[in-house]
Amino acid sequence: MTRTWSTVPADEERYRPLYARVLGLRFVNPGGVLCFLFFEGAVALAVLLALAELVTWWAVLVLPAAVAAMVKLNDLVAEIVIRGAAQVPEQERDRFRRQMEPVVGRASVPSTARALPGGVTLAGDPTLRATHPTDPPGKGDPRPTHHNPYR
């Protein structure tokens with residue numbers, strides 16, 4: 001049986017676990033261990049809960065059925081997402097890819113702009129002048145300097 005939207009090729013369908021084939025999963029492809037946990041694990045959990053008298057013995061039937069329903073629902077949601085993505089035109093996909101790519105380049109900075117500590121820039125204001133380490137105190141920066149007596 002070939003399905004147009006199935007992600008599992010028809011010739012590999014017979015090698016899939018029985019759990020996946022019985023549920024008719026087309027987009028979710030659980031392996032053997034996961035199928036074992038889905039079914040036998042749910043049965044074992046339900047038996048333990050029933051033995052602990054936390055649930056009735058009906059849980060042994062209901063819990064695996066509930067897990068199977070959730071797995072099938074997940075498969076149906078995956079189908080809706082894949083079909084929706086396939087309907088997006090190629091042009092929109094290319095535009096999205098361009099927007100998501102990181103842009104690497106160089107920023108143009110005017111040569112007159114110089115950054116100073118504290119976020120002050122000397123772009124065009126002649127009254128602001130950076131204090132050079134060799135300048136005497138009081139020249140350049142109008143802020144008071146603090147003398148360290150332990151130096």
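User: Buried means under 20% relative accessible area, exposed over 50% and partly exposed in between, with a 1.4 Å probe and protein chains only. Buried or exposed, or in between: where does F38 sit?

Analyst: F38 is partly exposed, because its relative accessible area is 21%. Keep in mind that this is a predicted model: local features need pLDDT of at least 70, side-chain atom pairs count only at pLDDT 80 or more, and totals for chains, interfaces and linings use all residues. Residues are numbered from 1 along each chain as its sequence is written, and side-chain values use heavy atoms, with hydrogens and water left out.

User: Got it. How many helices and strands does the protein have?

Analyst: There are four helices and zero strands, and from the N terminus on the order is α-α-α-α. These are DSSP runs numbered from the N terminus (helices: H or I, at least four residues; strands: E, at least two).

User: And what share of the protein counts as buried?

Analyst: 15% of its 151 residues count as buried.

User: Which residues make the largest nonpolar core, then?

Analyst: Seven of them: Y19, A20, L23, L25, C35, A68 and V71. Such a core is a set of buried Ala, Val, Leu, Ile, Met, Phe, Trp, Tyr and Cys residues joined through side-chain atoms within 4.5 Å.

User: Which elements give two or more residues to this core?

Analyst: Helix α1 (18–23) and helix α3 (59–86) do. The most comes from α1, which gives three residues.

User: V71 is on that list. What is V71 in contact with?

Analyst: Setting aside neighbours within four places in sequence, V71 is in contact with Y19, L23, L25 and F38. Contact here means heavy atoms within 4.5 Å.

User: Handy. Changing topic: how many aromatic pairs are there?

Analyst: Rings of Phe, Tyr and Trp (its six-membered ring) pair if their centres lie within 6.5 Å; planes under 30 degrees apart count as stacked, over 60 as edge-to-face and the rest as tilted. By this rule there are two aromatic pairs. In one of them, the rings of Y19 and F38 have centres 6.0 Å apart and planes at 35°, so that pair is tilted.

User: Which parts does the Y19 and F38 pair tie together?

Analyst: Y19 lies in helix α1 and F38 in helix α2 (residues 32–51), so the pair ties together parts that are 19 residues apart in sequence. Y19 and F39 also form a tilted pair, at 6.3 Å centre to centre with 45° between the planes. That pair links distant parts of the chain as well, with Y19 in helix α1 and F39 in helix α2, 20 residues apart.

User: Buried or exposed: what about Y19?

Analyst: Y19 is buried, because its relative accessible area is 12%. F39 counts as partly exposed, because its relative accessibility is 39%. Ring pairs link Y19, F38 and F39 into a cluster.

User: Back to helix α3. Buried or exposed: how does M70 come out?

Analyst: M70 lies in helix α3, and M70 is exposed because its relative accessible area is 55%. D75 is placed in helix α3 too, and D75 counts as buried because its relative accessibility is 1%.

User: Interesting. What is D75 in contact with?

Analyst: Leaving aside neighbours within four places in sequence, D75 is in contact with G24, L25, R26, F27 and V28.

User: Last one: what share of the contacts with a separation of 6 or more comes from residues 24 or more positions apart?

Analyst: For the protein, residues 24 or more positions apart account for 28% of those contacts.
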